[in-house]
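Student: Could we go through some charged pairs and a helix contact, with the criteria spelled out as we go?

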Amino acid sequence: MGYIKGENMPKFFIKSNQIKEEKVIIIGEDVNHIKNVLRLKIDDDIQVCNIDTSINYICEVSKLDNEEIECNILNQIDSEAESNIHISVFQGIPKSDKMELIIQKCVELGADEITPVEMKRCVVKIDSKSKNKKNERWQKISEVAAKQCGRDRVPKVNQITNIKNICNLTSEYDIVLLAYENEKENTLKNELLKLKNKIGKDLKIAIIIGPEGGVDKEEVDLLVENGAKSITLGKRILRTETVAFVLTSIIMYELGDLGGNQ
């Protein structure tokens, strides 16, 4: 099936220095993707987003080379892809490739950033030599997910951190929510109700999720001492990757842009 002009435009991210007068210069891995995967041709349309400014453009391919692709800017377009709810996901490092799935889906749901966290009950231990390589892989997954779902920015996947470092950050957020299976009384609904009067305003929300074994009691106590709100997600124990999706979805629905109260 060939590419149909004006339909299903693929989206790419650029930086300000890739815009020269009324032209966009695409470089790097996107060149191969445009030429050999999408098989786009001269005069085909694409959408590009300047990640330095979040401005979107409709562009027309004007030149195809092996090293770069030149496009003419046709017009600037408005986008409402980004929410005023800024969610930071602190995820206890899970087993196998679950972290990749969590990053992908949280980016699609609108999270601002994802931070892998070393916790006491993490089964996976990532040595110092592998951390940078893992981070590069995870950041690439975020970029691909952002392109696929039409985001105007690529959510950052931060370097692996620990509970003590999170405690030093809690004051930066309007609320810090800690999913804890042994919490019996305080619910997500209770905490979100406290933020209802701030709907429509910029909000910074952190969510902390344990690995498969959950969050250790000592870690819970330390986080709560530093301002985190321990919450229950109901009577059933959810998988760690499910918690990330549930929390992000509900917060966006109730406070943000997924069809909830505006």
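Student: How far apart are Lys147 and Glu143 in helix α3, in helical turns?

Tutor: Helices here are DSSP runs of H or I with at least four residues, and strands are runs of E with at least two, numbered from the N terminus. Because Lys147 and Glu143 lie four residues apart in helix α3, their separation is about one helical turn.

Student: What should I know about the model and the numbering?

Tutor: The model is predicted, with local features needing pLDDT of at least 70 and side-chain atom pairs counting only at pLDDT 80 or more, while totals for chains, interfaces and linings use all residues. Residues are numbered from 1 along each chain as its sequence is written, and side-chain values use heavy atoms, leaving out hydrogens and water.

Student: How far apart are the closest N and O atoms of Lys147 and Glu143?

Tutor: A salt bridge requires a side-chain nitrogen of Lys or Arg within 4 Å of a carboxyl oxygen of Asp or Glu. Lys147 and Glu143 form such a bridge, and their closest N and O atoms are separated by 3.5 Å.

Student: Is Lys147 buried or exposed?

Tutor: Buried means under 20% relative accessible area, exposed over 50%, and partly exposed in between, with a 1.4 Å probe and protein chains only. Glu143, at 22%, is therefore partly exposed. Lys147 has a relative accessibility of 16%, so this residue counts as buried.

Student: Which residues do salt bridges that share partners join into one network?

Tutor: Lys147 and Glu143 both belong to this network.

Student: At what angle do helices α2 and α3 pack?

Tutor: Axes are lines fitted to C-alpha atoms, for helices over the stretch in contact, and angles run from 0 to 180 degrees between N-to-C directions. For α2 (residues 98-109) and α3 (residues 128-149), the axes are 8 Å apart and the packing angle is about 35°.

Student: Which residue forms a salt bridge with Arg137?

Tutor: The closest N and O atoms of this pair are 3.3 Å apart. The bridge links distant parts of the chain, running from helix α3 to helix α2 across 37 residues. Arg137, at 46% relative accessibility, is partly exposed, and its partner is Glu100.

Student: Which residue forms a salt bridge with Asp112?

Tutor: Asp112 is buried, because its relative accessibility is 16%. The closest N and O atoms of the pair are 3.5 Å apart, and the partner is Arg153.
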